[in-house]
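Morning, everyone. I have one structure to go through today. Please have a look at it first.

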Amino acid sequence: MSKPQSQPGRIDTLTPEEELKLKQVWAHLFHSWGIPVDSSKVLTHSNASIRRSDSVSSSHSHATTASKKSSGGKLFGRFRKSSKHEKKEPTGQHHTRHSRTSSVTSTRSRESIEAMYNPNMIHEALKGLKPEEIRSNLWEMLRTDYPDNLILRFLRARKWDTDKTLSMLSNSLHWRLKESHPDEIIKRGELGAYQDGKAGLVKNIELRKAVIHGYDKAGHPLVYIRPRKHFSSDQTEQELELYSLLIIEQARLFLREPTDAATILFDLQGFTMSNMDYAPVKYLISCFEAHYPECLGKLFIHKAPWIFPPIWNIIKNWLDPVVASKIVFTKSAKDLAKYIPDEYIPKSLGGECTYDYDNYSKPDGSLDTKLDKKDELEVVMEERHSIVEKFIQATVSWIEAGDKETSAKFLDAKIELSKELTRNYVKLDPYIRSRSFYDYEGTLKIEE
């Protein structure tokens with residue numbers, strides 16, 4: 001499969017206006033995290049976005065104090081605003097193309113930036129979260145995707161409105177941290193479901209209601225779902241939500257830059273009213289609209305039976321217009337072949353794929369050889385910490401850039417550092433994630 005070309009609204013295809021919006025989001029995040037940055041060049045365009053009040057200052061002070069007591073035991077909790085590994089660069093140091101990833105600090109002194117920093121400049125949407133928590137979780141939710149492209153998904157979903165983007169991002173980070181914990185779900189994987197004794201979750205895994213296999217013609221990983229295998233009495237609503245998050249996060253592991261979306265194929269062959277369950281449909285819709293924006297390529301509804309139109313009349317009213325626009329009804333292999341190569345269309349649907357969608361073997365843990373190697377993990381994490389700090393400093397300099405040439409230089413540095421973060425995650429993954437069935441069968445290979 002050839003590597004897909006980058007699409008509009010990604011870090012390497014930004015218009016000047018889109019780049020400004022991305023700078024604004026990062027500036028607000030940095031203000032929340034207590035990272036000194038002169039944002040006057042970018043936030044003068046959206047002064048209404050900044051809330052200045054005594055209560056904000058008090059909230060910031062409280063959050064900063066609380067962050068000192070935050071979860072140092074969390075894997076990514078060591079991403080602080082300063083580090084013993086951070087190297088100071090001489091003021092005004094020249095940055096060449098060959099040194100962009102190693103010399104990305106601001107040309108202004110840290111003291112001069114701090115003198116201009118106003119701790120009251122915290123966006124309303126970020127006040128309810130502890131700065132250290134959202135800072136660490138933002139880096140933790142990355143897989144092989146780039147930090148900027150992650151944030152750009154939220155910007156695109158909110159039509160480049162900075163305020164709405166920050167509200168959406170804040171809500172999603174709260175959901176990940178305090179409610180659904182998808183990062184823990186993917187780390188513990190299928191073995192975690194067995195260890196927790198969640199019978200309904202295990203049944204969903206073993207039935208393989210949803211299977212990730214192959215790619216569509218746009219390079220999106222393909223998730224094949226068979227609703228005929230679903231009966232609401234087989235699991236609790238919570239267990240089905242856990243299964244949904246496991247599949248979504250597993251699908252994310254198949255993504256490679258610049259692809260940031262997966263395609264879903266609902267096979268409605270054999271579907272009856274006994275398989276209908278509105279609760280998981282609502283949950284999936286809310287996930288894609290609120291927490292995984294711009295992560296859906298296409299959604300195919302294949303061979304819908306005569307009983308489906310009334311059901312669809314209900315479901316379509318829940319859909320955001322953007323999500324609704326990605327839904328395609330198909331009836332034959334010929335219809336699917338417009339979007340999916342024959343080699344990935346299941347044979348049962350008239351395609352050429354002979355993959356066994358029903359075969360499943362419980363992971364035995366034999367591939368989890370690095371999960372207990374804490375010393376090796378520490379080395380990889382220290383490398384990651386160093387890259388993150390360089391990325392932050394490059395982003396500070398990019399926000400503060402006074403001309404297009406300087407801005408472009410630091411944007412290039414950020415892209416190179418994003419690639420370094422991806423390479424680091426490839427090394428990190430076996431130390432933090434229990435291997436799934438896809439790892440055992442060899443269809444999932446974490447790579448750049």
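At the start of H16, which side-chain oxygen reaches to the backbone nitrogen of Glu-405? The oxygen belongs to Asp-403, and it comes to within 3.1 Å of that nitrogen. A polar contact here is a pair of N or O atoms within 3.5 Å; within protein, one must be able to donate a hydrogen and the other to accept it, and residues adjacent in sequence count only if both atoms are side-chain atoms.

Before I go on, this is a predicted model: local features need pLDDT of at least 70, side-chain atom pairs count only at pLDDT 80 or more, and totals for chains, interfaces and linings use all residues. Residues are numbered from 1 along each chain as its sequence is written, and side-chain values use heavy atoms, with hydrogens and water left out.

Back to H16, residues 404-432. Helices (H or I, at least four residues) and strands (E, at least two) are DSSP runs, numbered from the N terminus. H16 has 29 residues and spans 40 Å from first C-alpha to last, close to the expected 42 Å; the expected figure is 1.5 Å times one less than the number of residues. The helix bends by about 35 degrees at Val-426, and Pro-430 follows within four residues. That bend is the angle between axes fitted to the seven residues ending there and the seven starting there.

Next, the rings. Rings of Phe, Tyr and Trp (its six-membered ring) pair if their centres lie within 6.5 Å; planes under 30 degrees apart are stacked, over 60 edge-to-face, and the rest tilted. The count is 18 aromatic pairs. One of them, Trp-26 with Trp-139, is stacked, at 6.2 Å between centres and 25 degrees between planes. Trp-26 is in helix H1 and Trp-139 in helix H5, 113 residues apart. Trp-26 is buried, at 0% relative accessible area, and so is Trp-139, at 1%. Buried means under 20%, exposed over 50%, partly exposed in between (1.4 Å probe, protein chains only).

Last, Arg-153, which sits in helix H6, residues 147-157. Is Arg-153 buried or exposed? Its relative accessibility is 3%, so Arg-153 counts as buried. Leaving aside neighbours within four places in sequence, the contacts of Arg-153 (heavy atoms within 4.5 Å) include Asp-145, Asp-260 and Glu-294.
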